[in-house]
Every structure is written in C-alpha cells, then in structure tokens.
Amino acid sequence: MRQVIALAVKDLRVLPRVRTAFFFTLIWPIIVAVMFGYAFSGSSSGTVTGLKVALVDDDASDGSRAFATRLHDSGQFVLTPMTRAEAETAVRRGQQTAFLAIKPGFGERSQRMFYGSPREIEVGNDPSRGAEAAMIEGLLMKAAAVDLQRMFSDPAASAAMVDAAMADADRDPDAPPELRHFLGELKQFVGSPAKSAGGVGGGNDWQPLKVTNAAVTRERVGPAN
C-alpha cells in the first residue's frame, strides 16, 4: 500500500511539469462538463417545444385562421406566417422544419365537411426527412378529428351544416341519391349525438382533411461531414 501511495504522490508532483497532460487531466474534463451542462440544462424542465413550421394561409378566411390558431395553441407547432416564397426559402435554408399551405376554399369546405371536396393543406419539407413529414401529417389529421368531434358536440351547428348540405344537394341535379340518403341519416345522427359513438363517413373516399406534399430540398452549406 505504501508503494502505491508513493507512486501516486510522485505522479502528482510530475503532472504539473507536463502542461499537456495537466490540461487534459484536470482542465479539459471541467470544460466538457460545463459545456454539456449548459447545452442540456433545459431538457428536464418539462417544456415541450413544438415544430418550427412556416404558415402560408392562401384562404385567409375565418375557418382557416381558426384552424391555424388551434394548431398553434396545441403546443405541437410554432407557426410563423409567411408568403409562399418566404416559406420555401426558410425550409430550404433549414430555418423552418416545414411549411403548411392552407389551400383556398378551406373555410368554405369547413362548413360542409361531409360532401364535396375535402379541406386541403399542403406540407412542404425536405424529402429526405420523411419521418417529420409523417409526424406533421398525423398531427394535422388529429386536429381535423378534433374539429369533427367539436362539431358533433354542438347539435345546433351540426344540424345547420347538414341542412345547408341537403339544400345544396337538392339544387344539384347530378347529386347521387346515396348522398341525399346519407345526409338524411346524418341529420338523425346529429339530432341524438349522445346515442351514437361510431364514426361518420359518406363513402370510402370521404376524409375530413386532405394532406398533400411538396418537395423542398434543403440547401447544404459547408462539408457534408
């Protein structure tokens, strides 16, 4: 044991004479600990940061603005309003994860969700980041499902929507009989929402929201590695 202690004392006396060894033995570990502590100091705070996404509202209606507000309030997105050109540039430069382009007619179609063309949002992101695109699409569909649930929780609003849809179908000579039958059944459904727990649909092609994708390849600056 005395020999071990003597060797340790000798090494400690020699260490300050070798500046490189002294630096990497005592100083460098402290620097690394401080850097990592600063970098991850907020990781355990419990705050979840949403995806940085540019918002292009080509509809500019009450319905599109309300949908964008719900996305922002969910905490899953940090939306920044931009023009289409600005949004594409921001995604290409890596300043935004993606952009969401709310297509024209979004607000109008929000008032007739069970027939006609569905609401449409275009997602623009780097094709190599497919996982993020799938996650964004999933979050958008979740928000659309919440809209659907909110509508059925308000029987008066649901009935008004169905009445408007039936009136449009009566004015359209090309409207199929199946659509009128479906709207009639839907009116009965919204008249007693507490008794119904299943989903609603006007056919195999019905969907509350249509999500399309636009490829925006990110610019690579500097060496690949």
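Two strands pair if DSSP finds at least two bridges between them. Helices (H or I, at least four residues) and strands (E, at least two) are DSSP runs, numbered from the N terminus. The model is predicted, so local features need pLDDT of at least 70 and side-chain atom pairs count only at pLDDT 80 or more, while totals for chains, interfaces and linings use all residues. Residues are numbered from 1 along each chain as its sequence is written, and side-chain values use heavy atoms, with hydrogens and water left out.

**View 1. The open sheet has 5 strands in the order 2-1-3-4-5, with mixed pairing.** Strand 2 and strand 5 are the edge strands, each pairing on one side only. Strand 1 and strand 3 run parallel and are joined by 5 bridges. Val-53 has Ala-98 of strand 3 as its bridge partner.

**View 2. Helix 4 (residues 84–92) has Ala-87, Ala-90 and Val-91 buried (under 20% relative accessible area, with exposed over 50% and partly exposed in between; 1.4 Å probe, protein chains only).** These residues are on the same side of helix 4 because they cover an arc of only 95° around the axis (the arc is that of the directions from the helix axis to the C-beta atoms). The buried residues of helix 4 pack against strand 1, strand 3 and strand 4 (contact means heavy atoms within 4.5 Å). After helix 4 comes Gly-94, with a positive phi near 80°.

**View 3. Leu-100 and Leu-140 touch the most other members of the largest nonpolar core, which has 21 residues.** A nonpolar core is a set of buried Ala, Val, Leu, Ile, Met, Phe, Trp, Tyr and Cys residues joined through side-chain atoms within 4.5 Å. Helix 6 (130–152) is one of the elements that supply at least two residues of this core, and the largest share, 5 residues, comes from helix 6. Among the residues that Leu-140 touches are Phe-67, Ile-121 and Val-211.

**View 4. Confidence is highest in strand 3, at a mean pLDDT of 95, and lowest in helix 8 (residues 177–191), at 68.** pLDDT is the predictor's confidence in each residue, from 0 to 100. Over residues 193–204 pLDDT stays under 50, and the model has 13 contacts beyond four places in sequence for them. Where pLDDT is low, the predicted coordinates should not be read in detail.
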